[in-house]
Amino acid sequence: MRIILLGPPGAGKGTQAKKIEEEFGIPQLATGDIIRLAIKEGTEWGKRAEPFVREGQLVPDEVVIGIVKERLSRDDVRNGFILDGFPRTLKQAEALEAMLQDLGIAIDVVLYFDIPAEELVRRLSARRVCESCQTPYNLISSPPKNDEICDRCGGKLVQRPDDTPEVIRKRLAVYEEQTKPLVEFYSRKSLLHVVPSSGTIEEIYAQVKAILGKK
Ligand SMILES: [Zn+2]
């Protein structure tokens with residue numbers, strides 16, 4: 001089975017990908033991971049990506065596409081894969097379509113993890129980090145024993161500037177704007193399934209399994 005996962009950061013995509021990977025035995029291909037691997041292995045496209053990553057710049061579309069194509073040509077994805085973080089743009093989706101055609105395969109399902117903006121704000125703005133030892137916490141899902149004090153070193157827990165509600169709302173708006181064309185692209189192909197993602201990990205996975213079970 002060949003699966004694409006869409007959804008904003010914080011919607012729990014990575015966790016669901018791990019569960020699909022375990023149960024269905026198909027590898028999760030997270031874009032960041034496959035770029036790092038290509039660089040480490042010094043593949044043709046990995047070499048092109050290296051300077052951008054080293055400089056902390058965004059890796060250009062054509063390089064990301066090249067790296068994904070290298071990865072999808074390997075043996076371990078013969079029975080399927082879970083793409084997480086790719087495609088991110090319509091241009092990448094069209095390139096993916098073309099490369100899959102070359103390989104003689106096609107996407108079976110696109111799962112869109114849909115979460116209300118306010119729920120996402122609630123989850124992400126609960127993130128804290130110890131200002132001394134950098135241990136991450138979440139006041140909702142993994143709180144410290146004592147209010148806003150690090151369990152490990154007694155340091156003060158602080159919120160990263162990226163995790164304030166205003167920044168999260170802005171980031172989400174950017175994500176939705178960028179993803180809208182992808183959602184339309186895959187709806188037109190009747191591949192898109194919306195997974196409401198405000199429940200628990202298990203509740204969300206039950207919906208995922210029901211969709212994948214019909215494929
Ligand atoms: Zn600490």
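The model described here is a predicted one. Ser190 is placed in the loop between α7 (165–188) and β8 (192–196), and its phi is positive, at about 55°, although the residue is not a glycine. A second case is provided by Gln134, which lies in the loop between β5 and β6 and, while not a glycine either, has a positive phi of about 70°. With 11 C-beta neighbours inside 10 Å, Gln134 likewise counts as exposed. Most residues other than glycine have a negative phi, and most peptide bonds are trans. An exception of the latter kind is the peptide bond joining Phe86 and Pro87, which is cis, with an omega of about -5°; Pro87 is located in the loop between β3 (81–84) and α5.

The strands β2, β3, β1, β4 and β8, in that order, form an open sheet of five strands with parallel pairing. Its edge strands are β2 (28–30) and β8, each of which pairs on one side only, and neighbouring strands of this sheet are turned against each other by 25° on average, direction ignored. Within the sheet, strand β1 (residues 2–6) runs parallel to β3 and is joined to β3 by four bridges, with Arg2 standing opposite Phe81 in β3. Helix α1 (residues 13–24) packs on the sheet, where it touches β1, β2, β3 and β4, and its direction makes about 175° with that of β3. Helix α7 also packs on the sheet, touching β1, β4 and β8, and its direction makes about 125° with that of β8.

An open sheet of three strands is also present, with the order β6-β5-β7 and antiparallel pairing. Here the edge strands are β6 (136–138) and β7 (157–158), each pairing on one side only. Strand β5 (residues 127–130) is joined to β7 by two bridges, the two strands running antiparallel, and Cys130 stands opposite Leu157 in β7.

The crossing of α4 and α5 is right-handed. In this pair, Asp61, Val64, Ile65, Lys69 and Leu72 of α4 meet Lys91, Gln92, Ala95, Met99 and Leu103 of α5.

Helix α5 is followed by Gly104, whose phi is positive, near 75°, and the loop between α5 and β4 (109–114) contains Asp108. Asp108 has 13 C-beta neighbours inside 10 Å and therefore counts as partly exposed. When neighbours within four places in sequence are left aside, Asp108 is in contact with Met1, Arg2, Ile3 and Lys215. Asp108 and Gly80 are separated by 28 residues in sequence, while their C-alpha atoms are 9.4 Å apart in space.

How values were computed. Residues are numbered from 1 along each chain as its sequence is written. This is a predicted model: local features need pLDDT of at least 70, side-chain atom pairs count only at pLDDT 80 or more; totals for chains, interfaces and linings use all residues. Two strands pair if DSSP finds at least two bridges between them. A residue is buried if 20 or more other C-beta atoms lie within 10 Å of its own, exposed if 12 or fewer, and partly exposed in between; C-beta atoms are placed from the backbone. Two residues are in contact if their C-beta atoms, placed from the backbone, lie within 7 Å. A crossing is left-handed if the near helix is turned anticlockwise from the far one by less than a right angle, and right-handed if clockwise. Axes are lines fitted to C-alpha atoms, for helices over the stretch in contact, and angles run from 0 to 180 degrees between N-to-C directions.
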